[in-house]
2 protein chains.
Amino acid sequence: MKEFTIRFMPQDKTVSVPRGTDLMSAAIKCGIALNTSCGGEGLCGKCRVIVKNGKIKSDASRIIREAEKKSGVVLACQAIVEGDAEIEVPKESLGAFGKIDSGAEEFTKGVILKEEGKYPVSPLVRKVYLELAKPTAEDNISDLDRVCRQLHLKIDDVLVSTKLTSVKHLSEILREGDFKITVIMGRKDDRVEILAVEAGDRTNKNFGFAFDIGTTTVAGQLIDLNTKNILGTRIAFNKQAAYGSDVISRIIFASEPDGLEKLNEAVLDNVDGIIEDLASSCDVALSDVYAVTCAGNTTMMHLLLKIDPSNIRKVPYVPTTNVFPTAHSAELGLETNPKGIVSFLPGVASYVGGDIVAGVLACGIAENDEMSLLADIGTNGEIVIGSKDWMIGAAASAGPAFEGSGLAHGMKAVKGAIDKVRIDEKLGVDADTIGGSKPKGICGSGYIDLLCQLLKRNIIGKDGRINRELKSERIRKAEANYEFVVAFRSETDINRDIVINDDDIENLKRAKAAIYSAMTALLKKVEKDISDLKKIYIAGGFGNYLNIDNAVFIGLLPDIKRDIYEFVGNSSLAGARMALLSREAADKASEIYKNITYVDLSSEPGYMDEYVAALFFPHTDEGRFPSVRLSR
Amino acid sequence: MKEFTIRFMPQDKTVSVPRGTDLMSAAIKCGIALNTSCGGEGLCGKCRVIVKNGKIKSDASRIIREAEKKSGVVLACQAIVEGDAEIEVPKESLGAFGKIDSGAEEFTKGVILKEEGKYPVSPLVRKVYLELAKPTAEDNISDLDRVCRQLHLKIDDVLVSTKLTSVKHLSEILREGDFKITVIMGRKDDRVEILAVEAGDRTNKNFGFAFDIGTTTVAGQLIDLNTKNILGTRIAFNKQAAYGSDVISRIIFASEPDGLEKLNEAVLDNVDGIIEDLASSCDVALSDVYAVTCAGNTTMMHLLLKIDPSNIRKVPYVPTTNVFPTAHSAELGLETNPKGIVSFLPGVASYVGGDIVAGVLACGIAENDEMSLLADIGTNGEIVIGSKDWMIGAAASAGPAFEGSGLAHGMKAVKGAIDKVRIDEKLGVDADTIGGSKPKGICGSGYIDLLCQLLKRNIIGKDGRINRELKSERIRKAEANYEFVVAFRSETDINRDIVINDDDIENLKRAKAAIYSAMTALLKKVEKDISDLKKIYIAGGFGNYLNIDNAVFIGLLPDIKRDIYEFVGNSSLAGARMALLSREAADKASEIYKNITYVDLSSEPGYMDEYVAALFFPHTDEGRFPSVRLSR
């Protein structure tokens, strides 16, 4: 088939693609990641590019205004190559996928939970220094036997196994080190495996990575396994976003030719990028990193390990596995020492994964006599309720709205995101951004504040519809929608107005309804009441800020005493870190995943009613939200 | 550096090599394996080639006769490239390395020992057929959990672990097979690992290979793991012979640049050649082969696994390991199913390896109440004495003479080898060859017969020296030596006379002395006498024939009742087969290697006296050989 040449500017990258290719794919092919939060469905409008010249076919889109159309603006995901062309990529359309945002370090590090201190230090990988007797005619056992003989004097009585790779250069290493060596041992199943042997005393260089592999973001920490010190934290957008914003669209993409490979490469790129960046900035040699622990939802784990996830989205939602065997770094292709190991937090079911088990571990829910609740408000939204005696978990199908996805100007809680909003009586808007710069969009906590303020100022009603009666330059009709301008073009960093529209509010309403009703439906299932909860842990990508009062005001969270709430940040990362640092914590995670009973809310009687009743602000049953007073 | 072009005929292969390369290396580089039994030292004369034209420098050699020199004959290992050249390779100089000799199948299959029948069938790899319930909304555990749940109903209570690779395509396979599947399980350490899952019922296709990796030959068998049937046997010369004939010269070569890689590649080529040949001729798909078990001496195991063997030859003779962890086929690079496993018989020490442990297993020495002895007369010569209560083992440093190496016309027990010899009173020679063809050389059992006849006809004396007084066309001076013509040029298949000379006899005498004195020294060490032995097992590459009377006559074996002797052929291969077929046999091998006490004869007081006393035919102490009557 004839190929055409597409040049992207200002990157000055050129790619040859066959007729019929969309510009989004062409851009990906030459390494340019465009923004998308709808996964290439033509809905979010974030992949705007400008056709400078050439033959590009683009259907009319209600997202692009007439004036834009005249200057050549098209949606890259909907624009089809029909000849050579030159394309301009506006700065604001450039995706941040995979870009490491060190400004987010503070948020992601999150809360170091008190739970974490309870576990003894017994990391996934140990280094033991041995001084061996040199071989003599009377004592000429094999090199490996010599190592094991001394090792068993130093370590507890554990079963030690070896792999061929760790034996291969043993004789040279022993003699290079004059029989003074460091044995690197990793935990695999119920045994300890000799991963490698190094010459000399290398025990002071023992590092590991903890990862939370999220659908939207990938967060990693470099940890000194001797001291438990967190040396650094990085967060990056999951590069898989170029192929779809949520797990369902990625599972569908995985079934396309090379789809699974592309998704796998994308997330490995993320993980390796964080590994390289952190190791280099902390001056840690990658060869000194033998341990990695990952937590993530079940789909992310399948994609990370290149396992076909297709049955996760087909009835009855069966993953290939919820428990992933500890693997060698080389099997995954990570940049850490190839003899090192990678362990994974076990999951419960297709939609309650290892990230949630990690969260339960980090919050100590399975240790408590009293009942508590964890709500992880991320791309999906999962709820676990229970105590040390029993646990029950469900996924809320909330969608990624509170991560900023699928909204006209939604974005993650990173620099430039509006995270606090106040609206005065004259509908003037005062917004704070993370980092204090000009706004680029609105993050989850910003939307919660914004909804709360819109309600208080009667800009939206209980049903979330923008009040068409109010006269204000901020309220206007746009295509089929009404929208409210949060920041005008001159105030923003994106050369456009930042708005919230009816569709956005509908999205957010459904998300909050899904999470709230999941909580109440689960409580009903175990015949408990919200008042029985002694603690509610809120996890998720809200950055370092979540206004609980406002979250209650919009009906996202139940209206109970505020000191019941604890914001725990990225509890998945915290749990991964705990499993990396402590055998006992890892064992606890294995106990947790077995003890959580998974509930499929969609087949739960009464759930639908709960959900529909929650599709108002704050709720159809106002009696449930006594502290919320709305003027009418 | 300038390169020159060397063309080898009649192969018509051309190679470019720098000035100074020897012709042996040039030949190897273009895939032509020349004969060598001295390892390229210019001593054996088996790599004769003819320089047809070009600049080749060759020092005078006493091995090449004047007439040969005139026609351009040089030793390839000693001939140096100084310009372009054309080289003719005579048929008899072509090495048989790696050539699979299916005629040897009968010998190698050897004795199926009664011991073998005693062990239950519990092969290294099992296939279990499962019909799984299909997932439903009520029963939607993960695919792996579904497999394991059913598996545990079918198999004994063993610890099952999985590897990432066996999980990767599980979901497709389950659905492809409509949830009827075959689980392939392999033994690793004390657990069972799920190696793979296949769609449908594949239990009737379960095959494995047993290998004896010898210094001189590599022997393999394809076995149906369901029926224990041996489907075929192949033997090939170890291709490493091109780099040295014995373990010491190969260990030295391994330290040269790329030496270890070349030796590893050579033996892998052997193993893969046998695997492919047997699988194809038995119509077995390589993907149905998940199990391989190897026995071999400690150096061969190091080279097979690309482990540096250098300390095996340095005081105090320490191997990297005697126990080799079960590996995946892919780690070795074998042609069998890459998810399959390879297990190794454990060894005792640098010079008593897994081949001897296999032999002890095959002969049942460690099961017997009474004391017996195993003598494995191969490239080295190892002895084990003992019973179920104790065992003691040593290496005899006999050299490979009885495998035909290092002798003017020595060869392995394959087609064309003289294996039986009679000399009449007029010194006429009547020789049988294996396969009945014209002789190419003499194998171990042929040399034993020949020495016996030479002694009986007074052609050699008790000291082994050829009788210079006898007048016969068969006895003649050749350079510094005397030699006896066994077959004249016209009778042979190699265009030269086949002879035995003083050096050959000296070599054979030292070899028989080393083996005999190792037996007696070991017996002395445990304060036992030959008469205490209830059984003597003789293993080694003698083909299907060893005349015990003649072996006693030359003093190789003790002069005791002949029914004590049992010729067991390749007991290393038999032991490997047993460990492949039975978990209990493999466990027994692990018991055996721990229970054999290794004795270093060179530091054993009295051994040297024993050895020197044995450097006569049959022995200096004639009283030990009452049945031997030599005319004087």
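A:Ser571 sits in helix α15 of chain A, which covers residues 571-581; helices (H or I, at least four residues) and strands (E, at least two) are DSSP runs, numbered from the N terminus. This is a predicted model, in which local features need pLDDT of at least 70 and side-chain atom pairs count only at pLDDT 80 or more, while totals for chains, interfaces and linings use all residues. Residues are numbered from 1 along each chain as its sequence is written, and chains are lettered from A and ligands numbered from 1 in the order in which they are written.

**Around A:Ser571**

- Is A:Ser571 buried or exposed? A:Ser571 is buried, because 29 other C-beta atoms lie within 10 Å (buried takes 20 or more other C-beta atoms within 10 Å of the residue's own, exposed 12 or fewer, and partly exposed is in between, with C-beta atoms placed from the backbone).
- Leaving aside neighbours within four places in sequence, A:Ser571 is in contact with A:Ala358, A:Gly359, A:Ala362, A:Cys363, A:Asp376, A:Tyr537 and A:Ala539 (contact means that the C-beta atoms, placed from the backbone, lie within 7 Å).
- A:Gly541 is 30 residues away from A:Ser571 along the chain, and their C-alpha atoms are separated by 9.9 Å.

**Where α11 crosses α15 in chain A**

- Helix α11 (residues 354-363) of chain A and α15(A) have axes that come within 7 Å and cross at roughly 75 degrees; axes are lines fitted to C-alpha atoms, for helices over the stretch in contact, and angles run from 0 to 180 degrees between N-to-C directions.
- That angle makes α11(A) roughly perpendicular to α15(A) (65 to 115 degrees counts as roughly perpendicular, under 35 as roughly parallel, over 145 as roughly antiparallel and the rest as oblique).
- On the α11(A) side, the residues are A:Asp355, A:Val357, A:Ala358, A:Gly359, A:Leu361, A:Ala362 and A:Cys363, and they meet A:Ser571, A:Ser572, A:Ala574, A:Gly575, A:Ala576 and A:Met578 in α15(A).
- By class, this contact of α11(A) with α15(A) has eight nonpolar, four polar and one charged residues (Ala, Val, Leu, Ile, Met, Phe, Trp, Tyr, Cys and Pro count as nonpolar, Asp, Glu, Lys and Arg as charged, and the others, Gly among them, as polar).

- Chain A is assigned domain 1 (3-93), domain 2 (102-119 + 205-344), domain 3 (125-199), domain 4 (363-400 + 509-621) and domain 5 (403-502), with bounds that come from an automatic or database domain assignment.
- The centres of domain 3 and domain 5 of chain A, taken over C-alpha atoms, are separated by 62 Å.
- Chain A and chain B contribute 35 residues each to their contact.
- On the side of chain A that touches chain B, the elements giving two or more residues are α4 (143-154), β7 (160-162), α5 (164-167) and α6 (170-176).
- Among these, α6(A) supplies the largest share, three residues.
- That side of chain A divides into 14 nonpolar, 13 polar and eight charged residues.

**Strands and hairpins**

- In chain A, strand β22 (residues 475-478) runs antiparallel to strand β23 (residues 481-487), and four bridges join them (strands pair if DSSP finds at least two bridges between them).
- A:Arg476 has A:Glu483 in β23(A) as its bridge partner.
- The hairpin of β22(A) and β23(A) has two residues between the strands, and A:Glu479 in the turn has a positive phi of about 55 degrees.
- In chain B, three strands form an open, antiparallel sheet in the order β22-β23-β24.
- β22 (475-478) and β24 (498-501) of chain B stand at the edges with a single partner strand each, so one side of each is left without a neighbour in the sheet.
- From one strand to the next, the twist averages 40 degrees.
- β22(B) and β23(B) pair over four bridges, and B:Ala478 has B:Asn481 as its bridge partner.
- Helix α13(B) lies across β23 and β24 of chain B, running at about 65 degrees to β24(B).

**Backbone details to look up**

- A:Glu527 is not a glycine, yet has a positive phi of about 55 degrees; A:Glu527 is in the loop between α13 (502-525) and β25 (535-540) of chain A.
- A:Glu527 is exposed, because 7 other C-beta atoms lie within 10 Å.
- The peptide bond from B:Met9 to B:Pro10 is cis, with omega near 5 degrees, and B:Pro10 lies in the loop between β1 (3-9) and β2 (13-18) of chain B.
- Also cis is the peptide bond from B:Phe617 to B:Pro618, with omega near -10 degrees; B:Pro618 lies in the segment after α17 (607-613) of chain B.

How values were computed. Contact = placed C-beta atoms within 7 Å.
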